[in-house]
Amino acid sequence: MDAAAVNETVEKVDQGLEELGIEGVGDNLREILNFKEYFAQQIPSIVGFGIKVILAIVVFFVGRKLIRWCIRLLKRSMEKTKVDEGVIQFACSAGKAVLYTMLIFNIAVSLGVTESSVAALLGTAGVAIGLALQGGLANLAGGVLLLVFKPFVVGDYIIQNQQNGCEGTVARIEMCYTTLLSVDNKKIVVPNGTLSNSTIINVTAKETRKLEIKVGISYEANIQKAKDILYKILLDDPETKGDENEMVVFVDQLADSAVIMGLRVWVPTDSYWPVKWRLNQRIKEEFDAQGIVIPYNQMDIYVHQKN
């Protein structure tokens, strides 16, 4: 329906309504017919845009599956070449971010957005995000430093800032964060920037650790006998007897209420805590059996009476 036909139709309807005593609807009727004509003209464009949106959604889900497949392929390829687990996790995380950015860029272009507009938008957004997320960029740089210098790898037990920090087994090293698992299975997420600028103690970096135990005996006890007992305990233990040449038993301190005996021995890193707990129990049992007294803190009080 063209404009002339619309006007003719409106005039006829308006005349008929005037004969019935109804006036003032001609303009409203003309607006309705004009809107209907405009909507009819825009239907092809709306349908075309709707089809583009549906295709974009389909492309996104297909692209997401392809990205997952590519990441799995990358991970398997790196695992076959015996690459460090932390490097694999970091590369997969970075690759996923790059591929998703490319996918969203292509979808935006397919919806009619020009490449120059998308590039300008990404550039502006990049500057804004970079200024707002300086800490995030520091974490990204920290992750790269951790992978280059390798102060720890996945599976190591680390202590970060021994006084006020955290500790646990390294589970994942990603772009911006490293995940630790504590001994009671708590998940600890630490920014890579913090780790790269902190003092890190890698407890499991070496295959063996030096174990040191100290125990007090009474001043009345035979020191040589106590040393012989400690030597025998170390020689009898299956995980310390191999260190016979370097194990040491010594008098560490003459304290207020006890003579502090000490021992040092190399033990396998994986068995450090079980060996320590086992030796503590054996020392107590053997000292009790051999009559070596382990004193505890006590105070003697003397009461003087005046006559």
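Trainee: Is Y272 buried or exposed in this predicted model?
Mentor: The cut-off for buried is under 20% relative accessible area. Y272 comes to 9%. Y272 therefore counts as buried.

Trainee: Which residue puts its charged end over the ring of Y272?
Mentor: A charge over a ring needs CZ of Arg or NZ of Lys within 6 Å of the ring centre. Here the distance to the centre is 3.7 Å. The residue is R209.

Trainee: How many aromatic pairs does the model hold, and what is the geometry of F60 with F61?
Mentor: The count is three aromatic pairs. For F60 and F61, the ring centres lie 5.7 Å apart and the planes stand at 80°. Planes over 60 degrees apart count as edge-to-face. So the F60 and F61 pair is edge-to-face.

Trainee: What geometry do Y272 and W273 form?
Mentor: Their centres are 5.2 Å apart.

Trainee: Which residues do ring pairs link into a cluster?
Mentor: Start from Y272, buried at 9% relative accessible area. W273 is partly exposed at 44%. W277 is an exposed residue of α8. Ring pairs link these into a cluster of Y272, W273 and W277.

Trainee: What span does α8 reach from its first C-alpha to its last?
Mentor: Helix α8 covers residues 272-290, which is 19 residues. At 1.5 Å a residue, the expected value is 27 Å. The model comes close to that, with a reach of 27 Å.

Trainee: Why do the buried residues of α8 line one face of the helix, and what arc do they fall within?
Mentor: The buried residues are Y272, V275, L279, I283 and F287. An α-helix has 3.6 residues a turn, so residues three or four places apart point the same way. Seen down the axis of α8, the buried residues therefore line one face, within an arc of 90°.

Trainee: Which elements do the buried residues of α8 pack against?
Mentor: Contact here means heavy atoms within 4.5 Å. The face of α8 turned away from its buried side carries the exposed residues W277, Q281 and A289. The buried residues pack against β6 (208-217), α7 (223-236) and β8 (259-268).

Trainee: Where is K150, and what is its phi?
Mentor: K150 lies in the loop between α5 (134-149) and β1 (157-160). It is partly exposed, with a relative accessible area of 44%. K150 is not a glycine, yet its phi is positive, near 50°.

Trainee: Which loop holds N185, and is N185 buried or exposed?
Mentor: The loop lies between β3 (177-181) and β4 (187-191). N185 has a positive phi of about 65° although it is not a glycine. Exposed means over 50% relative accessible area. N185 comes to 60%, so it counts as exposed.

Trainee: How many disulfides does the search find?
Mentor: A disulfide needs two cysteine sulfur atoms within 2.5 Å. Among the cysteines, C70 is partly exposed at 34% relative accessibility, and C166 is buried at 18%. Across the whole structure, the number of disulfides is zero.

Notes: Residues numbered from 1 in each chain as written. Predicted model: local features only at pLDDT ≥ 70, side-chain atom pairs only at ≥ 80, totals over all residues. Heavy atoms only, no water. Buried < 20%, exposed > 50% of the residue type's maximum accessible area, 1.4 Å probe, protein only. Helix = DSSP H or I, 4+ residues; strand = E, 2+ residues; numbered from the N terminus. Expected span 1.5 Å × (residues − 1). Arc of directions from axis to C-beta. Phe/Tyr/Trp six-rings, centres within 6.5 Å; stacked < 30°, edge-to-face > 60°. Lys NZ or Arg CZ within 6 Å of the ring centre and 35° of its normal.
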